[in-house]
Amino acid sequence: MLAKIKSCSMIGLTGRMVDVEVSTTTGQAFFGLVGLPDAAVKESAERVRAALKNSGLSYPYNHITVNLAPADLRKAGPSYDLPIALGLLLATRQMPSHVLQNTMVVGELALDGEVRHVRGVLPIAAFARRHGISALIVPACDAKEAALVPDITIVPASSLSELVEDLTAETLRPYDRSTTAESAPAAHTYAGVDFREIKGQETAKRAMEIAAAGGHNALMVGSPGAGKTLLARALPSILPRMTIEEALDVTRVYSVADALPQDAPLVQARPFRAPHHTVSHAGMIGGGKQPRPGEVSLAHRGVLFLDELPEFDARTLEVLRQPLEDKLVQISRVSGSLTFPARFMLIAAMNPCKCGWTGDPTRHCSCSPSQIQIYQKRISGPLLDRIDMHLQVARVPFEKLTDLQPGESSETVRMRVQAARDRQRARFNTLFTDENAATCNADMTVGDVRVHCSLDDAGRSLMKAAMTQMQMSARGYHRVLKVARTIADLAGESCVGTAHLAEALQYRHRITES
């Protein structure tokens, strides 16, 4: 007898349909698994055998051949256990042949028949819906995540025996979507640092507000203890709320990376990733034998914070150039290539020199000029050119540090940021419709800058003088205009004026070259 069950293979964030074909014939007991399976898939034979027996079901001691088609696609992971087991039951007529028509099945089996969690359920459900699958059987612990995808029936399976009983009686119990309240991201809450807790640093806080409003990259340079890390960790508290589309986009990445918490199937807060400077090249950009998202993709739609920037490996820093420009990561292997999204804000912090005290008014720097230059040259010019805002974070005076007067709260700042982002969305929605379209000023292309950042005669004269004096590249010119456009949005202005340009130029001066 022959049985076919549909399953899915995830290659990065892209799904591929897999037909699990099970054939049983009389002859010597044998279990053959073909179709480029990896070690975890090959081991499914033992898991399926034990699960069937311990679930009170009959295991056929015949000549069994399982083919995972297409044969030229490498299969990885334990998610084929459940479809293989159901295929065996169909092939041996222990279940009606029609019960799994137009149904996709994924799930790992424990030896006692329990159906265990598998990664990537959200993109699998989205793939199944796009390909006209009417029902998806998933582990019960993953049903809430799969139910985020509308217009497809989600069937939770807690155990093999219970699922087979329901299939045999044709009484499948779909997941109750009324228990899933994530129709939209929850209200903005952040348990980290509030802006009111940061004393002084008015200029730096203003820069963080501009960065948040426009999605701009920023580099903070200052002596140890000046508050660079505190500012970066307070940034998520002023970022605008994610839309439901952005939340689902981020959740897809975390689902494939198997980084979703059990009780939170939808990522509702913008990611904040702060890898240590010892992070590997693959850990930063993604990769591995079975490629998974790296830190730049886990920071998608959020913030990637790199503290002590010069301490990172030079090769690791240079690979950031492509995702900063293209907003995606492409990983190539002999077997093919895959793409992960990487639309993030880069916030970096560094000391001005190895000892950290260059330019400090109260501490003596022990570094020689050549040592300072070598330290600062660890950050390449092309990478610095892709950072929109460069700002000096000075030491906080004693009077401000001990001031009991509370500062402006994050919620107040976030309201201004949200208003600026709303203006940008309204502006770009007339031009873009796809999910990769610009949603903030930092995403603008050169053509968009030409349309939305037009300058008057005074503005052109100012930018001409600035380009000559600051030896600014074409990329730097466009990034100044993007920052100026954000400053104008925060002020509620429709046009970019010279005051906006002047403030934006202050953030373009590279402190590492002074």
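User: What share of the contacts in the chain with a separation of 6 or more comes from residues 24 or more positions apart?

Analyst: A contact means heavy atoms within 4.5 Å; here, residues 24 or more positions apart account for 74% of the contacts in the chain with a separation of 6 or more. This is a predicted model, in which local features need pLDDT of at least 70 and side-chain atom pairs count only at pLDDT 80 or more, while totals for chains, interfaces and linings use all residues. Residues are numbered from 1 along each chain as its sequence is written, and side-chain values use heavy atoms, with hydrogens and water left out.

User: How many of the residues in the chain are buried, as a percentage?

Analyst: Buried means under 20% relative accessible area, with a 1.4 Å probe and protein chains only; of the 514 residues in the chain, 53% are buried.

User: At what angle do helix α4 and helix α9 pack, and which residues meet?

Analyst: Helices are DSSP runs of H or I with at least four residues, and strands are runs of E with at least two, numbered from the N terminus; the chain has 21 helices and 18 strands. Axes are lines fitted to C-alpha atoms, for helices over the stretch in contact, and angles run from 0 to 180 degrees between N-to-C directions. Helix α4 (residues 121–130) packs against helix α9 (residues 244–256) at about 115°, the axes being 7 Å apart. From α4, Val 121, Leu 122 and Pro 123 meet residues of α9 that include Leu 248, Thr 251 and Arg 252.

User: What is the volume of the largest cavity, and which residues are closest to its centre?

Analyst: On a 1 Å grid over the protein atoms alone, a cavity is a set of points where a 1.4 Å probe fits but cannot get out, whereas a pocket is an open set with protein on both sides within 12 Å along at least five of seven lines; lining residues have an atom within 4 Å of a point. The largest cavity has a volume of about 150 Å³, and of the 15 residues that line the largest cavity, Arg 270, Arg 301, Arg 343, Arg 421 and Cys 440 are the closest to its centre.

User: Which element gives the most to the lining of the second largest pocket?

Analyst: The second largest pocket holds about 920 Å³ of space; among the 34 residues lining this pocket, Met 10, Ile 11, Arg 74, Ala 76 and Gln 290 are the closest to its centre. Strand β1 gives the most to the lining, with four residues.

Definitions and conventions:
Grid points are joined across faces, edges and corners, and a volume is the space filled by probe spheres set on the points. Buried means under 20% relative accessible area, exposed over 50%, partly exposed in between (1.4 Å probe, protein chains only).
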